[in-house]
Amino acid sequence: MLKRVAEMSGWGTPLPAGKGRGIAHVLSFGTWTAQVVQVDVTDNTVTIEEVWAAADPGIVLDPSMFKDQIMSGINFGLSQALGQEITWADGQVEQANFDTYDAMRMYQAPKITIELLENSPRMGGAGEPGTPPSTPALANAIFAATGKRIRQMPLSNEIDFI
Amino acid sequence: MYPKIPLTVNGQKQEIEADPEMPLLWALRDIMDIKGPKFGCGVAACGACTVLIDGEAVRSCSQPVGEVEGEITTIEGISQGDELHAVQQAWMKHSVPQCGYCQSGQIMAAVALLEENPDPSDEDISDAMTNLCRCGTYPKIKAAIKDAAQTLGA
């Protein structure tokens, strides 16, 4: 799975200055999932350009829908990095709606390529495995591009995104 | 007693009795029983309630019904009989929706975009399509809009 995502993303090939790739993987809900995120950082602002994902859930019953679910998981995960944060004041949560707790929009959405492997001996889930590796891969990509380690979510507290 | 408000919705003229301050979305859903436009946020932030007024995409949750000037089109009004709109057909072909809640609003925003710009670039689509999709179906929305643009331009 890691080998496949490395091949898909051209892992190890040189990138222009200001760009970086990061990788992360997880076993989530029975599905092995690895992702590479590529970012561009211009004027201290991060653009999430592209994401490659390889997932191994064992037998895949519906490849098209499975890929859709992984795609959604990726964008859901990246939304957290882009600024989703719950804060409290006076005993209440301060965020109540999408104007204060937004998610990724079209202009922020990366190109996504997904491949499925069927080596795992047990069938895994499709709904959530896309989410957990997306943000660590993004944080690693930002480190590769800038040398800056961000260790707290949302990443947007320490660096700007488009 | 509320005043009578004349409206044209999906080609049909009608009068409703409603507080002019009532959001158009409430009037559509609760008075006229048109349930395609959805309530998402109520503050014009998400676009699930998008309808067309004279062809322009409007977030009906934040549009007072008494101030509507022009013909209203909801997703119920874009097909020609049994023939779905090219945008709807492209949505089905690309299997865009996942949970589906935002999708009637997304489709209406896409219809408005293609009316104004029949051959949008990736950037045009990103600029025009500001509706929120919590399932993150944006790559498929973009592909479907490009497909529909080809169909409509053919």
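Tutor: A residue is called buried when its relative accessible area is under 20%, exposed when that area is over 50%, and partly exposed in between, using a 1.4 Å probe and protein chains only. The model is predicted, and local features need pLDDT of at least 70, side-chain atom pairs count only at pLDDT 80 or more, and totals for chains, interfaces and linings use all residues. Residues are numbered from 1 along each chain as its sequence is written, chains are lettered from A and ligands numbered from 1 in the order in which they are written, and side-chain values use heavy atoms, with hydrogens and water left out.

Student: Why is H85(B) called buried?

Tutor: The relative accessible area of H85(B) is 17%, so H85(B) counts as buried. H85(B) sits in the loop between strand 5 and helix 2 (86–93) of chain B, where helices (H or I, at least four residues) and strands (E, at least two) are DSSP runs numbered from the N terminus. Leaving aside neighbours within four places in sequence, H85(B) is in contact (heavy atoms within 4.5 Å) with I78(B), S79(B), V111(B) and L152(B).

Student: What makes R151(A) exposed, and P132(A) partly exposed?

Tutor: R151(A) has 69% relative accessibility and therefore counts as exposed, whereas P132(A), with a relative accessible area of 36%, is partly exposed. R151(A) belongs to the loop between helix 3 (134–146) and strand 7 (160–161) of chain A, and its C-alpha lies 7.9 Å from that of A139(A), twelve residues away in sequence. P132(A) belongs to the loop between strand 6 (111–116) and helix 3 of chain A. Not counting residues up to four places away in sequence, P132(A) touches V26(A) and S28(A), and the C-alpha atoms of P132(A) and G73(A) are 8.2 Å apart although 59 residues separate them in sequence.

Student: How do you know that the radius of gyration of chain B agrees with that of a compact globule?

Tutor: The radius is taken over C-alpha atoms, and the globule rule is 2.2 Å times the number of residues to the power 0.38. For 154 residues a compact globule would have a radius near 15 Å, and chain B has 15 Å, so the two agree. Along the principal axes, the C-alpha atoms of chain B fill a box of roughly 50 × 30 × 25 Å, and 49% of the 154 residues count as buried. Among contacts in chain B between residues at least 6 apart in sequence, 53% join residues at least 24 apart.

Student: Which elements make up chain B, from the N terminus on, and what covers the buried residues of helix 1?

Tutor: Chain B has five helices and five strands, in the order β-β-α-β-β-β-α-α-α-α. In helix 1 (residues 24–31), the buried residues are L24(B), L25(B), A27(B) and L28(B), and their cover includes strand 1 (4–9), strand 2 (12–17), strand 3 (50–53) and strand 5 (72–73) of chain B. After helix 1 comes D33(B), whose phi is positive, near 60 degrees.

Student: What area is buried between chain B and chain A?

Tutor: Buried area is the accessible area (1.4 Å probe) that two parts lose on being put together, summed over both; between chain B and chain A it is about 1700 Å², of which carbon and sulfur atoms give 57%. In chain B, Q98(B), R134(B) and Y138(B) lose the most area to chain A, together 37% of what that side buries. The contact takes 21 residues from chain B and 19 residues from chain A.
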